[in-house]
Amino acid sequence: MSGSKDGAGAKEHSSFSDKLKSPFQELKEKLDGTHLQDVKVHLNHKKHQIGKFKNLFNPQHRHDEEHEIRCDEKRTAIGESHRFQSYFPEHDGNQIKWYVDGRDYFWAVSVALEQAKETIYICDWWLSPELFLRRPPHSHQEYRLDAILKRRAEAGVKIFIIVYREVEAALTCNSEHTKHALQGLCPEGTPGYGNIKVMRHPDHNVLENAADMTFYWAHHEKFIVIDYNMAFIGGLDLCFGRWDNHQHALADVHPEGVANEVWPGQDFNNNRIMDFQNVNDWKQNELSKADYGRMPWHDVAMGLIGPCVYDIAEHFVLRWNFVKRDKYKRDDRFDWLMLQGRQGEDEDLVGVQRPKHPVGDYILHPLSPLESKKLGNQGTVHAQIVRSSADWSSGILRDHSIQNAYSEVIRNAQHFVYIENQFFITATGENQSPIHNQIGKSIVEACVRAGKEGRKFRVIIIIPAIPGFAGDLRDDAAIGTRAIMDYQYKSICRGEDSIFGRIRAEGVDPTNHVFVFNLRSYDRLNKTPAMKEQEEKSGVKYQDVQRAQAEEIMSSGIHGTPGEAIGSDRHETKAEEKKESKETESSLEAKKRFEEARPDDREPTTVYSVAKHAMAGQGKLSDETWEGDPQDEVHNWIQEELYIHAKLLIVDDRIVICGSSNLNDRSQEGHHDSELSIVMEDTDRIPSVMDGQVYEAGRHAATLRRYLWREHMGLLPPQDNDASNDPNAQPPGDDSPNDIWDRDDSYKFVEDPMSDALWEQWTGSATTNTEIFRHLFHADPDDYVKTFDDYNTFLPPKEVPAGHIFDRFMPTADIRQKLDQIKGHLVWMPLDYLKDANMAETGLQVNTWTESIYT
């Protein structure tokens, strides 16, 4: 009894002590759930919101509290224990599949998205909800991206999307439209409501985020994670302008009927002539297909199953939680994501925070046990995720493991380095400010070592002829693009600190080791007499028919109820819907008049595109028919740079790095643009040849390199739009390995990347193609233009449309005969272009304050 009394007394004493420590605890408990408590929480949130202004004076405000310092130390220790100082470890057992160009990638993504059961993560620089993942759109309307996401959301799949919030004055991708369109797919009261969540970052609201607004840098990652079973990563955003196939057509006017169009609305684009305009009006296109060609697009991506999928998912969860903290902390539409394997003391590694008054739930991902996912041994590829990430982009200390990986892999190369990239801006030391990344230094070291050893060694670089988007390079408006080109030339070959300069200073001839190429394509527009007759009889311009076709297939009403608001997201008002309905009706009526004006008895004799003739097995271009006066055909030939958007490195047919990272400071320095890439080395070795000697190559690297080289040399056949029977357009899996196209002699011909016969054909094709494009089109840029004055004789007058035949009086037979000789898309990069001119004069646009934007 006495023991019982003592216990009761101790309990009473403990209770009394607790009350002394927290005298208002009972009052707090009584207030919980009441209006007064709500007011208190609101005031607390407002205090923290206003308090963010003090962060203006504390740039380390995410890294100065004890728990933040402890987390940073944990992350640093993890990185220091891994190769390339990456936060993510190396993993055996990945099954990884490559995708070349948009047709294959987007088709595979469409299949994979339809298979989603639990969750979809998407991270993009730009996402176009109205993008068709299969072509032609008229017969694949159910495979528009927003239609697929709507179906999956209605099936209960939780969809999480993070897109870059652009600076509207500088970019036209309109992430606000992306967010509103996607979150309006499943209105309240309908299946799928609340299953699509879209975040935009960084925040440009000075009242909310004055200390952390970022105007210079972008979120540039492009990846997808589905059910923690599969991921896609690479250079392709799910957006307009990216879909393409291997022949890279420029034309899209179809004599057999407008329903056969491949690139509807804003998807038909040529940034060199005109940037995207008002992309929220995705049906519109200011560029007439009857007068201009599109800009073709080359890209590379990967699909994977295996342990690296978890690491890509972990990066997404970190990004999500950081944006939640940075922008949506007091927004109950967005929950915190917890990650299996990163719980308890390690939840801070993925950015989970537990404020005193949390808003939003804490949801554990994946939604089913981690053990049920395909994260074990799935294949033969040894792989590691690397990234460029920092405080502004994900709340972590600077991570530049992509640059570390590029530098180390290139430095250790023994035979060749193959680079495809959108940019090439790099330093060889500490003397090239504002350029700081040291990938160029590794290239110099590898070349000098090979040169002094007398060993055959090549660095082959393929980048766009014009790396940014501009109109006429002579105009003042193009100074930003010329600044980028200037930095590229200084990186490659101009000045003693360039790659060429540094190699030459070591007594080695750089022209024996470093080779730089562009890609270029040609086609023929279909402004035929029949089409002109239809325009005259109907009173309808073909550009209006383009618009009508886009209206018909893109206004499919899948954006939910007009005027439906989700939180602060509003998609379309009733007045706007009524106005759009009238415009659609008028456009469709115009299209009907145009089609009725077509003579019933006239079958088209011209094909919509002749770009296929640059590829294998297509016969002679000169045998193609042209309807009408042969001299009219002269005005319809066009050329355009083939825009290289891939971010790819292949070394010695063994190692591949692929992802979103460009080769410049923006992508490589870590604290500028955010990026995600993957380093891959296949343990499945295949017998091969290297410089005439027996060699073991990695299957993944060697087959990808052989495929790409044959595409560029025109040794692969063109692709049909329908990819349903093509294994290369399916998601990764045991039942769909890459078709390496080894069914003809071309596979064996490109086996040895160092063979003299292959190199002779590669450089020979580039030389022939370059000379023909120069002769026929005066393609810009060119080595003949060394000063701005040289433009006066090299380019036609400005009123002549860009990319057309220079000499309008040239016989059409001569044009055809020359175009017959073009094979593939390889051309030499003009390393002497504007070498005697100041490419980018210092001024308001290019100066010490802005130069880092261009590097």
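This passage describes selected local features of a predicted model.

The surface carries a patch of negative charge, in which Glu585, Glu589, Glu595 and Glu596 gather. One of these residues, Glu596, belongs to helix α17, which spans residues 574-596. The relative accessibility of Glu596 is 57%, and this residue is therefore classed as exposed, because the exposed class begins over 50% relative accessible area.

Cysteine residues were considered next. The structure contains zero disulfides. Cys71 has a relative accessibility of 6% and so counts as buried, since the buried class covers values under 20%. Cys658 is likewise buried, its relative accessible area being 0%.

In one of them, Arg135 is joined to Pro136 with omega near -5 degrees. Pro136 is situated in the loop that connects strand β2 (119-124) with helix α6 (145-154). The other cis bond runs from Ser433 to Pro434, with omega near 15 degrees. Pro434 is likewise a loop residue, placed between strand β13 (416-420) and helix α12 (439-453).

Asp652 shows a phi of about 55 degrees. This aspartate occupies the loop between strands β20 (648-651) and β21 (655-659). With a relative accessibility of 9%, Asp652 is counted as buried, because that value lies under the 20% limit. Leu834 is the other example, with a positive phi of about 50 degrees. The loop that holds Leu834 extends between strand β25 (826-828) and helix α25 (851-854). Leu834 has a relative accessibility of 0% and therefore also falls in the buried class.

Gly803 and Glu641 are separated by 162 residues in sequence, while their C-alpha atoms are 9.2 Å apart in space.

Key
Residues numbered from 1 in each chain as written. Predicted model: local features only at pLDDT ≥ 70, side-chain atom pairs only at ≥ 80, totals over all residues. Heavy atoms only, no water. Patch = residues over 30% accessible without salt bridge, like charges linked within 9 Å, V, L, I, M, F, W, Y side chains within 5 Å. Areas by Shrake-Rupley, 256 points an atom, 1.4 Å probe, with all protein chains shown as cover. Salt bridge = Lys/Arg side-chain N within 4 Å of Asp/Glu carboxyl O. Lys, Arg positive; Asp, Glu negative; His and termini not counted. Charge placed at Lys NZ, Arg CZ, Asp CG, Glu CD. Helix = DSSP H or I, 4+ residues; strand = E, 2+ residues; numbered from the N terminus. Buried < 20%, exposed > 50% of the residue type's maximum accessible area, 1.4 Å probe, protein only. Disulfide = S-S within 2.5 Å.
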